[in-house]
Amino acid sequence: MKKALLVAALAILAQPVAAQPTASAQAAPGGKFGFVHTERILRDSVPAVRAQKKIEGEFQKRDRELAGIAEQLKRMQDEIEKSGLTMSETQRRAKEREFADLQREFQRKQREFREDLNQRRNEELAQVITAANQVIRQIAEQEKFDIIFQEMPAYVSPRIDITDRVIKALESKPPAK
């Protein structure tokens, strides 16, 4: 019974379709597609590089401060390991408590640093993405693209990759203030 249904379904599918194309098929010949590597824009474009340098400058002082605290922690740990056996019990406990307090402060500052850095990076990159999306829209309208993809597929033909054009257009725009 199942085999008979399958044969009947295949017979229906195999019948020739009417030679007249539908109105929608006539109105929509092949489309023009494009693709943009958003990651490349965020990595290689001048506005993205400028944003990264700006962020590095803003966080350089805090980064040096954290490096200093890390070095101080290392020295304290080495001191506790070397002189821990010769110290009195109360001295050793006091040094260990001081070390633990500094380590907690370091971890708190490090967490705050990462959170602030990520927030600033997201803010700056959002501006780059907004500018890139404007450029993509301009290119799409000027060159009559039907669709431009931004998500990374498994393969993209270089023929439809317009990332270099977007980066070039972004670089010719004045920096956003």
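Visitor: How far apart should the end C-alpha atoms of α5 be, and how far apart are they?

Guide: First, the terms. Helices (H or I, at least four residues) and strands (E, at least two) are DSSP runs, numbered from the N terminus. The expected span of a helix is 1.5 Å times one less than its number of residues. Now the case. α5 has 54 residues, so it should span 80 Å. Its end C-alpha atoms are 78 Å apart, which agrees. After α5 comes Lys-144, with a positive phi near 55°.

Visitor: What kind of model is this, and how are residues numbered?

Guide: This is a predicted model, where local features need pLDDT of at least 70, side-chain atom pairs count only at pLDDT 80 or more, and totals for chains, interfaces and linings use all residues. Residues are numbered from 1 along each chain as its sequence is written, and side-chain values use heavy atoms, with hydrogens and water left out.

Visitor: How many helices and strands does the chain have?

Guide: Six helices and two strands. Along the sequence the pattern reads α-α-β-α-α-α-β-α.

Visitor: What share of the chain is buried?

Guide: Buried means under 20% relative accessible area, exposed over 50%, and partly exposed in between (1.4 Å probe, protein chains only). Here 23% of the 177 residues count as buried.

Visitor: Which residues have the most contacts inside the largest nonpolar core?

Guide: A nonpolar core is a set of buried Ala, Val, Leu, Ile, Met, Phe, Trp, Tyr and Cys residues joined through side-chain atoms within 4.5 Å. The largest one here has 15 residues. Val-36, Ile-41, Ile-148, Ile-162 and Val-166 have the most contacts inside it. Two elements, α5 (89-142) and α6 (163-172), each give two or more residues to this core. The largest share, six residues, comes from α5. Apart from this core lies another, of twelve residues, including Phe-59, Leu-66, Met-76 and Phe-113.

Visitor: What is Ile-148 in contact with, beyond its neighbours within four places in sequence?

Guide: Contact means heavy atoms within 4.5 Å. Ile-148 touches Gly-34, Phe-35, Val-36, Ile-136, Ala-140 and Ile-162 in this sense. Now take the chain as a whole. Among contacts with a separation of 6 or more, 82% join residues 24 or more positions apart.

Visitor: How many aromatic pairs does a search of the whole structure find?

Guide: Rings of Phe, Tyr and Trp (its six-membered ring) pair if their centres lie within 6.5 Å. Planes under 30 degrees apart count as stacked, over 60 as edge-to-face, and the rest as tilted. The search finds two pairs. In one, the rings of Phe-33 and Phe-149 have centres 6.5 Å apart and planes at 25°, so the pair is stacked. Phe-33 is in strand β1 (residues 33-35) and Phe-149 in strand β2 (residues 147-149), 116 residues apart. Phe-33 is partly exposed, at 43% relative accessible area. Phe-149 is also partly exposed, at 43%.

Visitor: Are the rings of Phe-59 and Phe-113 stacked or edge-to-face?

Guide: Edge-to-face, because their planes are at 80°, with centres 5.6 Å apart. Phe-59 lies in helix α4 (residues 46-83) and Phe-113 in helix α5, so the pair ties together parts 54 residues apart in sequence. Both Phe-59 and Phe-113 are buried.

Visitor: Which residue lies over the face of Phe-145?

Guide: A charge sits over a ring if NZ of Lys or CZ of Arg is within 6 Å of the ring centre and within 35 degrees of the ring normal. Here Lys-32 lies over Phe-145, at 4.6 Å from the ring centre.
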